[in-house]
Amino acid sequence: MVSTAVACLHGLLTPATHIVSGRIFNLPQDLRTNVEMLLRWVHFIAGITWIGLLYYFNFINGALMKALDGPTKGKVIPQLMPRVLWWFRYGALFTVLAGVLYYIVILHTIPTTWMIFGRWVLIVLVTYVIIFAIQRKVWAVKQGWVLAALVVLVVAAMAVVMLLTAGDTEGFANSNRALSISIGGGLGTIMFLNVWGIIWPHQKRLIAWTADNAEKGTAVPAEAAALTRRAFLSSRMNTWLSIPMLFFMAAASHYPMFGK
């Protein structure tokens, strides 16, 4: 009886012993692998927070706000929006920070890391300056389809420039992983700049005006309509850009289509 119990106990403990000894549970020991995993983990968590709230704004919140009357909006918006937008904008910030650091780490295997990274930053910033300028135009704000068409052309040009300029590099920088991340990361950075450059500054002013109107009866400025429209289009742009952005991020490891 005792020998049987000991045998059973040994059978139960053997897997645990294997785990402890490292035969099953074997963490990578090199720093680079662990840093990459940590950055990807933070990137995923922050990205889920950011994109989840982006979809909430576009697919749920917009329709909800249209259904509320003025006095109800005056109570709901000052309480709801600052909290949601806090998670929204900082989710975007940490998503991009972790993603950029991850991109630098994986590029660090080649001697021209900073040249390639600097070129990527320049291409993305020039692209966003053009998109930002378009969003400031009244005719683009009034005609959403014109804005959409122009943005598609601009981001497509960005992707083409990234692919063409990568043609003069060898090794990892010209691989599917690096090129897919550069395009997807470029789209994500444009979305991030929209959040901090347009959506949050406009929404902050709209929230303050709504709160003043509800508490003090202060009239909402006439420019509120234009700010609302621009913030809406910028948010809708981010929603559409998130689709190819997520595709390229997945393609980096699972869909080889670029590189030599």
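The lining of the second largest pocket divides into 15 nonpolar, 10 polar and 2 charged residues. In this classification Ala, Val, Leu, Ile, Met, Phe, Trp, Tyr, Cys and Pro are nonpolar, Asp, Glu, Lys and Arg are charged, and the others, Gly among them, are polar. The second largest pocket has a volume of about 620 Å³. Of the 27 residues that line the second largest pocket, His43, Phe44, Met245, Met249 and Ala250 are the closest to its centre. Two or more lining residues come from each of α2, α3, α7 and α8. Helices here are DSSP runs (H or I, at least four residues), as strands are (E, at least two), numbered from the N terminus.

The terms need their rules. On a 1 Å grid over the protein atoms alone, a pocket is an open set of points with protein on both sides within 12 Å along at least five of seven lines. A cavity is a set of points where a 1.4 Å probe fits but cannot get out, and lining residues have an atom within 4 Å of a point. Grid points are joined across faces, edges and corners, and a volume is the space filled by probe spheres set on the points.

This is a predicted model: local features need pLDDT of at least 70, side-chain atom pairs count only at pLDDT 80 or more, and totals for chains, interfaces and linings use all residues. Residues are numbered from 1 along each chain as its sequence is written, and side-chain values use heavy atoms, with hydrogens and water left out.

How far can the coordinates be trusted? The protein chain averages a pLDDT (the predictor's confidence in each residue, from 0 to 100) of 88. At least 70 is the score of 89% of the residues. Where pLDDT is low, the predicted coordinates should not be read in detail.

Now the largest pocket. Its volume is about 800 Å³. It is lined by 27 residues, and Asn61, Gly62, Met65, Gln203 and Thr228 are the closest to its centre. Helices α2 (31–67), α3 (70–107), α7 (176–216) and α8 (224–254) each supply at least two residues of this lining. By class, the lining holds 14 nonpolar, 10 polar and 3 charged residues.

Asparagine 61 sits in helix α2. Is asparagine 61 buried or exposed? With a relative accessible area of 5%, asparagine 61 is buried (under 20%; exposed is over 50%, partly exposed in between, with a 1.4 Å probe and protein chains only). Apart from neighbours within four places in sequence, asparagine 61 contacts Tyr56, Leu80 and Met81.

Serine 180 belongs to helix α7. Its relative accessibility is 0%, so serine 180 counts as buried. Leaving out residues up to four places away in sequence, serine 180 touches Phe248, Ala251, Ala252 and Phe258.

The largest cavity has a volume of about 140 Å³. Its lining has 14 residues, with Tyr103, Ile116, Arg119, Met162 and Ala166 nearest the centre. Helix α4 gives the most to this lining, with 4 residues. By class, the lining has 10 nonpolar, 3 polar and 1 charged residues.

The second largest cavity has a volume of about 30 Å³. Ile134, Gln135, Ala140, Val141, Leu147, Arg230 and Leu233 line it. Two or more of these residues come from each of α4, α5 (138–142) and α8.

Aromatic rings come last. Rings of Phe, Tyr and Trp (its six-membered ring) pair if their centres lie within 6.5 Å; planes under 30 degrees apart are stacked, over 60 edge-to-face and the rest tilted. The count is 14 aromatic pairs. Tryptophan 86 and tryptophan 87 have ring centres 5.2 Å apart and planes at 80 degrees, so they are edge-to-face. Tryptophan 86 is partly exposed at 41% relative accessibility, while tryptophan 87 is exposed at 52%. Ring pairs link Trp86, Trp87, Tyr90 and Trp196 into a cluster.

Definitions and conventions:
Contact = heavy atoms within 4.5 Å.
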